[in-house]
Amino acid sequence: MKKIYYFFLSFALLAYACSKEELPAYTTQSITVGLVYPDHGNYSPVSEIEVAALGASGVQYKANTDETGKARFTLPVGVYEISATDKRTETGKNIVFTGVKSGVVVNQNSVDPILLNLVESSLNQIVIKELYNGGCQKDDGSGSFSFDKYLILYNNSDEEAQLQNLCIAMTLPYNSTITNADIQNGSLFYEAEGWIPAGLGYFYFKEETSLMPGEQIVVALNNANDNTNTYSNSVDLSNPDYYVTYEPEVYTNTSYHPSPSAQIPTSHYLPGFKYGTGNAWAFSNTSPGLFLFVPQNTTPEAFAADAGNISLYNGTASQVRKKVPVEWIIDGVEVFKSGATNNVKRLTAAVDAGSVHLTASYGYSLYRNVNKEATEAIAENAGKLVYNYALDMKSGEGSGGIDAEASIRMGARIIYQDTNNSGNDFHQRSRASLKY
């Protein structure tokens, strides 16, 4: 028995000695990771982008890029997952470049540099928070007043947003209830061509204007006056912080575009262009197709003046539209008229995959739903969120029960839902938010 024991002991010692000799010494290898951006867009590498190398053991190493877009590591030999994220801000959008490369072997035979291809995606910074366009009932019961329309733009991101050159446009046809001549072979002909028609004209932010995260801007679409002086059910749009679509030399109809309140600074007048007929920017009070866009590689002025970029609705010379490329569009909302036959959408699925219904003339607005999970995840919102929201006219459960406006007054930061489908993202609110 002892001979057998000694034999196994000797074998184990020999095996240990051999394995010890064959194990490589603990070594490291210097490598460079180069970030490769998409060909389109003229994006250049920048410094201080964090690149991560995650080892098989779960240990993560990090390095920042230099001005050439390269990050340098000294890593233990092994297998890694390399990743990077580069977030950039353009007018109205966050552009995000992400890249992940798995199974990267680091040893003395590593190819240097390791190239990490980045994929581009965009997140809307600016969203349409609320649209009030249906008007309200007159005090004497004689009908409705609909020249008190407004729009609220909101910075839904974590970065400061720039609004300069942001354009406010509407589709033509104006209403969803007409037979749409743009339908050819069962679909909108311009969907395949990648553009949306901006009817007759648009307004834009000419001056440098910024919004911090969670901030908003109110834009009066007809007049910036205290309309409650005449109609108690209406809204006061005379706040000096508000903006107004006002270009009296172009749109001369004073019923649609009366002189703004003296409280509104002239720097808050949004200039506009007209490339069709008519003396007013006749935004629908029942079922508009509203969208925001930022011209790329041109200016709002040059785009409006471009005679080669015109589409005539149904071939009618007076029904002039501009072809706005889908990739320029920041946000959009397709409104259908409640209780009516809505023949077809005007915004394509790339801009708005759904629609939201509005009952006009009763002071209702279309309000964006709260992203409940994202809003509750903000640590600073603890104790500031107000629940039991009761102004959603459809389900009573709008926005996950969070009363956004009451929460904002408590100092909360709201994150609104943005799924590119207005049927999911909006609800009809029984009282416009400016009436609280």
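**View 1. Glu405 is buried, at 8% relative accessibility.** Buried here means under 20% relative accessible area, exposed over 50% and partly exposed in between, with a 1.4 Å probe and protein chains only. The side chain of Glu405 meets that of Lys129 in a salt bridge, 2.7 Å from N to O. A salt bridge is a side-chain nitrogen of Lys or Arg within 4 Å of a carboxyl oxygen of Asp or Glu. Glu405 belongs to helix 4 (residues 404-409) and Lys129 to strand 9, and the two are 276 residues apart. Lys129 is also buried, with a relative accessible area of 0%. The model is predicted: local features need pLDDT of at least 70, side-chain atom pairs count only at pLDDT 80 or more, and totals for chains, interfaces and linings use all residues. Residues are numbered from 1 along each chain as its sequence is written, and side-chain values use heavy atoms, with hydrogens and water left out.

**View 2. Strand 9 (residues 126-132) has 7 of its 7 residues buried.** Helices (H or I, at least four residues) and strands (E, at least two) are DSSP runs, numbered from the N terminus. Strand 9 pairs with strand 12 (residues 150-155) in the antiparallel sense over 6 bridges; two strands count as paired if DSSP finds at least two bridges between them. Ile126 has Asn155 of strand 12 as its bridge partner. Strand 9 is also joined to strand 29 (residues 365-368), antiparallel, by 2 bridges, and there Glu130 has Tyr367 as its bridge partner.

**View 3. Seven strands form an open sheet with mixed pairing, in the order 22-21-20-12-9-29-30.** Its edge strands, each pairing on one side only, are strand 22 (269-270) and strand 30 (426-429). Strand 30 runs antiparallel to strand 29 over 4 bridges, with His427 as the bridge partner of Tyr367.

**View 4. The largest nonpolar core has 32 residues.** Such a core is a set of buried Ala, Val, Leu, Ile, Met, Phe, Trp, Tyr and Cys residues joined through side-chain atoms within 4.5 Å. Ile126, Leu166, Ile168, Phe205 and Leu292 touch the most other members. Elements giving two or more residues to this core include strand 9, strand 12 and strand 14 (167-170). Beyond its neighbours within four places in sequence, Ile168 is in contact (heavy atoms within 4.5 Å) with residues including Leu151, Phe205, Trp281 and Leu292.

**View 5. Thr171 lies in the loop between strand 14 and strand 15 (183-184).** Thr171 is buried, with a relative accessible area of 1%. Its side chain reaches the backbone oxygen of Pro173 at 3.1 Å. Leaving aside neighbours within four places in sequence, the contacts of Thr171 include Ile196, Gly289, Phe291 and Arg346.

**View 6. Lys345 and Glu334 form a salt bridge between side chains, 3.4 Å from N to O.** Lys345 is in the loop between strand 27 and strand 28 and Glu334 is in strand 27, so the pair ties together parts 11 residues apart in sequence. Glu334 is buried at 0% relative accessibility.

**View 7. Three strands make an open sheet in the order 4-1-7, with mixed pairing.** Strand 4 (70-76) and strand 7 (114-117) are at the edges with a single partner strand each, so one side of each has no neighbour in the sheet. Strand 1 (residues 28-36) runs parallel to strand 7, joined by 4 bridges, and Val36 stands opposite Asn117.

Note on methods: A polar contact is a pair of N or O atoms within 3.5 Å; within protein, one must be able to donate a hydrogen and the other to accept it, and residues adjacent in sequence count only if both atoms are side-chain atoms.
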